Amino acid sequence: MTSQTANTVHVFSVIPALADALSKGLPDTTVVNVRSHGFGFNDHQRKTERDLTDKELNLFSEAEILLCDPQSLTQVLVRKGFNFLARLRWAHTTWAGVDTVMKTLSPGTELPFALTRSTTDGLARLMAEYVVGQIVSHERGWMATYMKQINKDCRGWHTFHSFRGLDQLTVGVMGLGKIGLTTAKVLKGFGCRVHGLVRTPRSHSSVEPFVNQLWYGQEGLADFLKDCDYLVNLLPSTPLTRGLLGDAVLSGASRRPVLVNVGRGDIITEVDLLKALKQGWLSAALIDCFEKEPVPEESFLWTHPRVVMTPHNSCFNNEGYKHHIVKEFSANFENYLAGHPLTGQIDWQAGY
């Protein structure tokens, strides 16, 4: 049996008008918009954050069901602790990554409420689009072509006539959850040979026909890296994945692959990334997430000729993403009311 307050959902998110969209999607449900001023995106589309006010914190404490960004939930847990959310039964985060929440927990600790994360198909498709777009842009030299255009320089244009098609590439996908499998499927559809790396052993049949070869854990990493032209990181941030591509691990990547990082920035430190580029273990890095965000002004990433940075927007596109979140949450809300298992529930042992 669910309580009477189960028909009330508290929303706190930087996603513009998410509470309004949820109200329209769940017309028989009371939606409380915890978010007030000072959160969201400024005129330059930069995410703005601040400490929660006492009023906002009190609204959090009243929630039984919460739809929020993981950073907001993390701030509540750090400042107030678990007991402050004594009424909370279920929190759903708007992003796939929940590492900021997990880092607040002591080893072996589980939250006293159900925690689910976004695993929507829409998010997976957006990230797959990003990966393919970055690979095509890099292979065809579109960034360099544009620089020649704005400099009115047509010398050497013929050099851009030589490039590899997607069906000539072997792409290694690190992490084969919903997002990873969707990405593998899209790449396979363009004719890529796809290699996969997963945390724990699973049958190859579970990822067929989208993955040609499959490796497991750190012990399979060296063989996974050998023949890749591109490395696509979609792994979450956990104690097992942090620094996974660090030290001299990439020295065994014989094809000098391009790193496409859309998972978490701490898969490799900036120091190790710079070393990999200098040593020629990586030929380039196309990155949407970073070891430190915002990226410090003194970081080499800003000016390195073989680094392309994007503003952590591989899956965020306001209206489209908001629609996916509302649709996913609404379906899970029905599960909650009916007492059915929730989708996207956190695997506490895995850390995501």
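Guide: At 1% relative accessibility, Phe 60 counts as buried; buried means under 20% relative accessible area, exposed over 50% and partly exposed in between, with a 1.4 Å probe and protein chains only. This is a predicted model, in which local features need pLDDT of at least 70 and side-chain atom pairs count only at pLDDT 80 or more, while totals for chains, interfaces and linings use all residues. Residues are numbered from 1 along each chain as its sequence is written, and side-chain values use heavy atoms, with hydrogens and water left out.

Visitor: Which residues does Phe 60 touch?

Guide: Contact means heavy atoms within 4.5 Å. Not counting residues up to four places away in sequence, Phe 60 touches Phe 12, Val 34, Leu 52, Leu 66, Ser 72, Val 76, Phe 84 and Leu 85.

Visitor: At what angle do the axes of helix α1 and helix α10 cross?

Guide: Axes are lines fitted to C-alpha atoms, for helices over the stretch in contact, and angles run from 0 to 180 degrees between N-to-C directions. Helices are DSSP runs (H or I, at least four residues), numbered from the N terminus. The axes of α1 (residues 18–25) and α10 (residues 319–338) come within 10 Å and cross at roughly 45°.

Visitor: How many disulfides does the structure hold?

Guide: A disulfide is a covalent bond between the sulfur atoms of two cysteines; here the criterion is a pair of cysteine sulfur atoms within 2.5 Å. The structure holds 0 disulfides. For Cys 192, the nearest cysteine sulfur, that of Cys 228, is 11 Å away. Cys 192 is buried, with a relative accessible area of 2%.

Conventions:
Helices (H or I, at least four residues) and strands (E, at least two) are DSSP runs, numbered from the N terminus.
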